[in-house]
Amino acid sequence: MGYDMRIRGTIDTDEARARKAADAECENFWKTHKAALLASEHPDRERLRAEYAALWDKVRDLPDPFYFRLNAGGMGRFVGIMAALGMVHGSSSPVDRSEWPARPDDEDDEEAMAAYRQTRDALTARHTTAEPTIPSHKFGTNDGWIVTPDEIRAALQAWADADKNALPLGIAEIRPVDYWDRWIAYLELAATADGFEVH
């Protein structure tokens, strides 16, 4: 198990533009050829499947600045370090399971999916504490919690204010391989967009 984080909204970097263009090319190919790709008897199915696979290979070869992943142990370590630095604060989910909207049965119904996403996003972005930093519950499950730009900026300020000569012990294990520094760079990028989701 792990945590997949994805930046929401737009970021304007060369890597982001290349990635979005490649993703769009795959999506358009799927929409255009969906029926043929799914029909086992279609005469062009194998050729189209090979073309689609080649498009996905191209996407996989590109860096994805929108994405950051931590396994379960890594997330626990990062949250512990961020808590010690004042970048996150203790919290429990403000959302009761009964409040979660039901995902529409027909995912092709764009209006129903948009309404579902709007309701879900309003719940998962909630910040109900007086502390401005990231609520720890947003790193506790894979439920699509939205870490907002304001929360990220408060966390980055706590990092900027931290005494770099007295960093928490766990950071020594992470910094030599640049993973902590990559995390900080990811947070800085997410703060310029609409935050990120935790899945």
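In the predicted model, helix α5, spanning residues 149–161, packs against helix α7, spanning residues 179–191, at an angle of about 140°. The two helices are therefore oblique to each other. Their axes lie 9 Å apart, and α5 passes α7 in a left-handed crossing.

On the α5 side, the contact is made by P149, I152, R153, L156 and W159. Helix α7 contributes W180, I184, L187, E188, A190 and A191. By residue class, this contact comprises 9 nonpolar and 2 charged residues, with no polar ones.

Helix α7 also contains Y186. The relative accessibility of Y186 is 5%, and this residue therefore counts as buried, the cut-off for burial being under 20%. Leaving aside residues up to four places away in sequence, Y186 touches M5, R6, I7, P65, F66, Y67, F68 and F196. One of these residues, M5, is 181 residues from Y186 along the chain, yet the C-alpha atoms of the two are separated by 9.8 Å. For R6, another residue touched by Y186, the backbone nitrogen is reached by the Y186 side chain at 3.4 Å.

Note on methods
Residues are numbered from 1 along each chain as its sequence is written. This is a predicted model: local features need pLDDT of at least 70, side-chain atom pairs count only at pLDDT 80 or more; totals for chains, interfaces and linings use all residues. Side-chain values use heavy atoms; hydrogens and water are left out. Axes are lines fitted to C-alpha atoms, for helices over the stretch in contact, and angles run from 0 to 180 degrees between N-to-C directions. Helices (H or I, at least four residues) and strands (E, at least two) are DSSP runs, numbered from the N terminus. Angles under 35 degrees count as roughly parallel, over 145 as roughly antiparallel, 65 to 115 as roughly perpendicular and the rest as oblique. A crossing is left-handed if the near helix is turned anticlockwise from the far one by less than a right angle, and right-handed if clockwise. Contact means heavy atoms within 4.5 Å. Ala, Val, Leu, Ile, Met, Phe, Trp, Tyr, Cys and Pro count as nonpolar, Asp, Glu, Lys and Arg as charged, and the others, Gly among them, as polar. Buried means under 20% relative accessible area, exposed over 50%, partly exposed in between (1.4 Å probe, protein chains only). A polar contact is a pair of N or O atoms within 3.5 Å; within protein, one must be able to donate a hydrogen and the other to accept it, and residues adjacent in sequence count only if both atoms are side-chain atoms.
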